[in-house]
Amino acid sequence: MNILIVDDQKFVREAIKADLVESTLEYDFQTFEAEDANQGMEAIVAIDGNIDLLILDLKMDNSDGMEVINFLSVHASYADIPLAVISSSDKRTLGLVSSIASSLKLNLVGVFEKPINMDFILAETARLQSQLDHKMVVKSSESVSDYDINQLLADEQVLLCFQPQVDMKSKNIIGFEVLARMHDENGYIYPDTFLPLIDKAGLNVDFTKIIVAKAFKFWAYEKALSSYTLSINVTAEDLSCDNLIDYIIRHKQAHADIKLILELTESQEVINQASVLNSIARLIINDIGISLDDFGKSYSTYERLDTIPFNEIKIDRSFVCDIDTNEQHHLIVESTIALAKKMSVSVVAEGIETESVLNILAELGCDIAQGYVYSPPIEGRYLIAWVNRYVYKDIAANVH
Amino acid sequence: MFIDISENLRHFFWHYSAERRLPLYQALVGELVNIRSQTGTIENSDQLNTLKHQLKGICRYLSLEFDAQIEVITRRQQLQCMVEHIHGQVVAIADEL
């Protein structure tokens, strides 16, 4: 029985090998070891996929198990390799990985918390092998747009603005959401004008890349901002693009001190596609927070909440802006905050324009406030000055 | 945090046959020394979290219920203390293996 162990910790590999030797099940084992995803993939190729069990750690130094899972999914000849994913991550992440592996039609033995029970895994592997049918695996397509984006999205035409997010108890700044503007000689062009054009041209992913690059560059340059979270909007379509996910992860790895949160916008059903869940898992593994934007707006909101381990939810502004006068919206916001508390995720209320709404949200236990009551989106060149004024209470004192 | 873990360590090692104990012991000590060494060069919270995750994996294998203690570590000095504590007790039982 050929067993490949992919784990960055030698001690864990040794413990698994020892467990195999001590196993009560009588197999002749030959073990292979790899200490990161690349080595693991090389080993799979080197032994021509002749593996009876692949034991794969999810979170490794400099790589993650999702890379190997993706590799298996796009190579039909390897998709049948029995896969046992192991990790010390939390149960929700393990559940997500289990969903992904199943969606990708991999031969998943299971997802197991460390320390693993080797006898159980071996028995389960034998059971699955006996009933294995060869499965068709759909190769992923590469669909990165080759459009020349220079004319539409030249750097000087895209401008980043930042809207502050404020802790409702301490009144300290938590972070900023990036909001893009384009401009020409006549002034700002707002998202409701340019986003449909970008969408129509099929340049969404390219546009997101530009936002990510510019936001990281700005945050890395302005050291005074390093303690604040940087929230960037992404769509479900963005998350379907492996190239973009790699791009975001590379930026995060190059700027590990930047606390990045991706706000997942739009109300599309594709959120539950394997590729999207896969991307979200990779982002989480790489310490990138995920926020569920526009909460309550989409019919699939609760399905998403059930599937994906979000760090925070953002209540849609349409429910927030009038909770002081709209009883129905008050009830929706109240129950959303209660649900979030039970799930131990932060709640951000956006679209707060008045002190009256702010006070009600504080009473309901909302964690973070965002809206014109604190500031409209601020152009990057004015951001440090705004932060300094806020910190010295010129602004905060007016919002109580 | 600084509880006696020697019984957990003995239980872990004695679960395996004599010839497996030494490679396991060497790998464990090597891993702890490596984490301790990397702790000294931590520059940001991501690096701290990576080492916390590695230590959590080790502790789980040793049946040490340290998840909660590791979770609340926010400074490298705290992590270093914990690693040194575990390392010290592992080394202390070397003669028994």
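Where is A:Pro115 found? A:Pro115 lies in the loop between strand E7 (108-113) and helix H5 (118-130) of chain A; helices (H or I, at least four residues) and strands (E, at least two) are DSSP runs, numbered from the N terminus. This is a predicted model, in which local features need pLDDT of at least 70 and side-chain atom pairs count only at pLDDT 80 or more, while totals for chains, interfaces and linings use all residues. Residues are numbered from 1 along each chain as its sequence is written, and chains are lettered from A and ligands numbered from 1 in the order in which they are written.

**Backbone of chain A**

Select A:Lys114 together with A:Pro115: a cis peptide bond joins them, with omega about -5°. Next, select A:Lys105, in the loop between helix H4 (91-103) and E7 of chain A. Phi of A:Lys105 is near 60°, a positive value in a residue other than glycine. A:Lys105 is partly exposed, with 17 other C-beta atoms within 10 Å. The cut-offs, for C-beta atoms placed from the backbone, are 20 or more others within 10 Å for buried, 12 or fewer for exposed, and partly exposed in between.

Move on to A:Asp287, in the loop between H10 and strand E13 (289-295) of chain A. Phi of A:Asp287 is likewise near 60°.

**The nonpolar core**

Such a core is a set of buried Ala, Val, Leu, Ile, Met, Phe, Trp, Tyr and Cys residues joined through C-beta atoms within 7 Å. Of the 133 residues in the largest nonpolar core, A:Ile55, A:Leu83, A:Ala84 and A:Ala369 touch the most other members. Helix H10 (residues 274-285) of chain A gives the most to this core, with seven residues. Centre the view on A:Ala369: leaving aside neighbours within four places in sequence, its contacts (C-beta atoms, placed from the backbone, within 7 Å) include A:Val166, A:Met168 and A:Tyr374.

**Chain B and the contact**

Show helix H1 (residues 6-14) of chain B, whose buried residues are B:Leu9, B:Phe12 and B:Phe13. Seen down the axis of H1(B), the buried residues fall within an arc of 90°, so they line one face of the helix; the arc is that of the directions from the helix axis to the C-beta atoms. On the other side of H1(B), B:Glu7, B:His11 and B:Trp14 are exposed. Helix H2 (18-39) and helix H5 (76-92) of chain B are among what covers the buried residues of H1(B).

Finally, display both chains: their contact takes 17 residues from chain A and 21 residues from chain B. Helix H1 (residues 10-21) of chain A gives the most to the side of chain A that touches chain B, with seven residues.

Notes:
Two residues are in contact if their C-beta atoms, placed from the backbone, lie within 7 Å.
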